[in-house]
Amino acid sequence: MPEEEPVGRTVDRLRRVQLELAVGPRPGRKSVDCLRAQQFSHVCTLLGPHENASDIERLANQLGCKWIWLPITGGRLEVLGQLNMPQLVCRLLDNLDPVSGNHIYIHCSAGIHRTGFAAYTILRLRGLTQIQALNELETMRKVTAAQLGAERVTLAETMVQAMIEDDKANVPPT
């Protein structure tokens, strides 16, 4: 059985993987052709257990995509603040191809709060500045960037800094 990489190496792992993100609302039957045209390798679902996430699994299979479910039960600050972000990012990484490119469609229900929070966090962990991450999010989807909210950005920044510090603390001695 392979030894698991420590959670503290998450930032380093995330920066090494080839990754392209897209964000939007919960996909449905009407969006299949549009999603197929964009040739996603993965669909990452940020829905809670009672939001019928398995419907998205079926849609991802129909698209020929790998499905990643990161259960988040809402976009309120109280919910997001309780997330174990290192664990969620590790779960994402464990489902990505470490060698070839990964083109991921990230969504929640409306594609705004949870989606924006997760995408912003990933972009920051990959080394973008706050401004670059917000600009990239706006390029991906204006409504997501506009409605993410300063309080979610602040919370994400707290989590990002904690993960970066944890990563630094787990660097093996040379």
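Let me begin with a definition: helices (H or I, at least four residues) and strands (E, at least two) are DSSP runs, numbered from the N terminus. What you see above is a predicted model, in which local features need pLDDT of at least 70 and side-chain atom pairs count only at pLDDT 80 or more, while totals for chains, interfaces and linings use all residues. Residues are numbered from 1 along each chain as its sequence is written, and side-chain values use heavy atoms, with hydrogens and water left out.

Please look at helix α6, where arginine 114 is found. Is arginine 114 buried or exposed? Arginine 114 counts as buried because its relative accessibility is 7%, where buried means under 20% relative accessible area, exposed over 50% and partly exposed in between, with a 1.4 Å probe and protein chains only.

What does the side chain of arginine 114 make a polar contact with? The partner is the side chain of glutamate 51, at 2.7 Å, and a polar contact here is a pair of N or O atoms within 3.5 Å; within protein, one must be able to donate a hydrogen and the other to accept it, and residues adjacent in sequence count only if both atoms are side-chain atoms. A polar atom of the arginine 114 side chain also lies 2.8 Å from the backbone oxygen of isoleucine 72.

Now to the strands, which pair if DSSP finds at least two bridges between them. Strand β2 (residues 42-45) and strand β3 (residues 66-69) run parallel and are joined by four bridges, and within β3 isoleucine 68 is the bridge partner of cysteine 44.
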